[in-house]
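Please view the sequence and the structure first, and then follow the text.

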Amino acid sequence: MSKGLADILKDYLPKDKTFDILHLQNSPVEVRPIVTVEAQDNTDNDLSDVTIKILHFFSLAYNKKFVFGMEIHVYIILKKAENISNIDYSTADRLLFVSKADTNGYCDVKFSAKQITKGLIRYLFSINPSHYLKKVIPLERKYPKSNLHKLITKETKLDDALHILAERCNESSTTKEMRYQSTLSEPYYNSYKTPSDITSKLCLFTRPADQYLFAESSKNPKKHTLSGAGLLKWWLSIIDELLCELFMEDSIGKLRIPGEEPLTIRRYLKTTKFKNWMVGDIFGGTANSLAIFSIPLFSDDPKSRFLHELVEENRVLTTNLSTFWMELQERQEFKLSETVSVIGISGHTIIPNFLNVTNKDTMITLSKKEYKYIKNYITGEEYNSEEGALESYENVTNYLAYKFNTELLSVIGGMTPRVKTQRVVETQPVVSILQPRKKAKT
Ligand SMILES: CC(C)(COP(=O)(O)OP(=O)(O)OC[C@H]1O[C@@H](n2cnc3c(N)ncnc32)[C@H](O)[C@@H]1OP(=O)(O)O)[C@@H](O)C(=O)NCCC(=O)NCCS
């Protein structure tokens, strides 16, 4: 039997401690390419790559309090070989973009945010990619003309809407499930065959902040935050371990620190164990390439904000990659902050058995709205006191029980604490002629 989320995470949580985990995922949805495609004459749109985006949100709870959160966007990019005319995609990229990670300091036991982060990324790389490809919401839905009059839109008059609703209720023989399938299956969803050759990638922007997901949590004096350089080293060590444990030897790791000399960047890479770490990024292009055709556009990402700004300033078709990185560090949002960096890895994983996602592990929401709604129970709370962590837990568990008759996934940790080897300092008696020996009292 393949492993599930709990089996993977237990190795990253403290021994014998019971945690709960919320794992939300939205339905896979086709999106426009994340890297702007250079317009070419005679481009046949049907032959272009397909990009599918999936949102994952994890929140870890202990003692009925949410204490850690992380959001990762997964992109599956199906690529068609140039000379292949059939409809199958020959290769694909699975790209994980770490959007946010945060703690709030209200955990009653010591757990390692580093370990849980590593465990969650390992889990995402272990998911069978076919999980994302079976039922994909297309960019545009092609509703058959015969059914169009049965749809209720903003333009539908009240009388007509009631009529349509009554008609739907009268479809007496169809069970709820059948109706769901008959209305929502083909042609409303796309499905794709899983390509055999999948390159796994991970990319993130390290930028410290007081808080990302748990508003006001910086007011908790027990919350531990890292400096810019500390955060960079923290992520580097997580990703380096993942490269060593999950990736083939010819995979690559890249680090870029906008505004820093390669020599300085290499200093950060000195401690890594994986051999293929280099200065740079995984986005491709040369110093003279236009940034817009190399840099991916992720949501809520400083690089993307800068690209949008270049569009507004009418400079996007003249800014090359070298200028892009140089100007990025000059931006206001970086001026006040400390070291920021872009880390990326790319290669083939050595995971022997991909795992199949189950309802127990993952709550797959039907719409992005529902995903945001549940996530908002956590991110919409204020964490200046412990109340926030308790209340968000209470609200999420109540909602899951009431709406879906389900509960959070429980995980009992199995990781024995790392014993820090302490240097034994031998205390030698200090012998000095300047110390007068006291006469023993009799
Ligand atoms: C990034 C973040 C989630 C990491 O959490 P963390 O608790 O610092 O991470 P870890 O549990 O892995 O601990 C890292 C180190 O700090 C130490 N540490 C943790 N809590 C501590 C505390 N209260 N006091 C002193 N040291 C502490 C750990 O022992 C560990 O040390 P080690 O590396 O020698 O083992 C946290 O700093 C945070 O929430 N930052 C704010 C949001 C942010 O900047 N996110 C980054 C997104 S890119």
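## Two loop residues

Asn63 is found in the loop that joins β3 (50-62) to β4; helices (H or I, at least four residues) and strands (E, at least two) are DSSP runs, numbered from the N terminus. The model is a predicted one, in which local features need pLDDT of at least 70 and side-chain atom pairs count only at pLDDT 80 or more, while totals for chains, interfaces and linings use all residues. Residues are numbered from 1 along each chain as its sequence is written, and side-chain values use heavy atoms, with hydrogens and water left out.

Asp300 has its place in the loop between β8 and α9. The table lists backbone and accessibility values for Asn63 and Asp300.

| Residue | Phi | Relative accessibility |
|---|---|---|
| Asn63 | near 55° | 47% |
| Asp300 | near 55° | 47% |

Asn63 counts as partly exposed because its relative accessibility is 47%; buried means under 20% relative accessible area, exposed over 50%, and partly exposed in between (1.4 Å probe, protein chains only). Asp300 is likewise partly exposed, at 47%.

Asp301 also lies in the loop between β8 (277-279) and α9. With a relative accessibility of 1%, Asp301 counts as buried. Neighbours within four places in sequence aside, Asp301 is in contact (heavy atoms within 4.5 Å) with Phe97 and Phe205.

## The chain as a whole

The chain contains 13 helices and eleven strands. Of its 442 residues, 44% are buried. Among contacts with a separation of 6 or more, 78% are between residues 24 or more positions apart. The accessible surface, from the Shrake-Rupley method with a 1.4 Å probe, comes to about 25,900 Å², and carbon and sulfur atoms hold 51% of this area.

## Helices α12 and α13

Helix α12 (residues 368-379) and helix α13 (residues 386-404) have axes that come within 7 Å and cross at roughly 145°. These axes are lines fitted to C-alpha atoms, for helices over the stretch in contact, and angles run from 0 to 180 degrees between N-to-C directions. On the α12 side, the residues that meet α13 are Glu370, Tyr373, Ile374, Tyr377 and Ile378. Their partners in α13 are Ser392, Asn395, Val396, Tyr399, Lys403 and Phe404. By class, the contact has seven nonpolar, two polar and two charged residues. Ala, Val, Leu, Ile, Met, Phe, Trp, Tyr, Cys and Pro count as nonpolar, Asp, Glu, Lys and Arg as charged, and the others, Gly among them, as polar.

Not counting residues up to four places away in sequence, Glu370 touches Thr365, Tyr399, Lys403 and Phe404. The C-alpha atoms of Glu370 and Asn26 are separated by 8.3 Å, although these residues are 344 residues apart along the chain.
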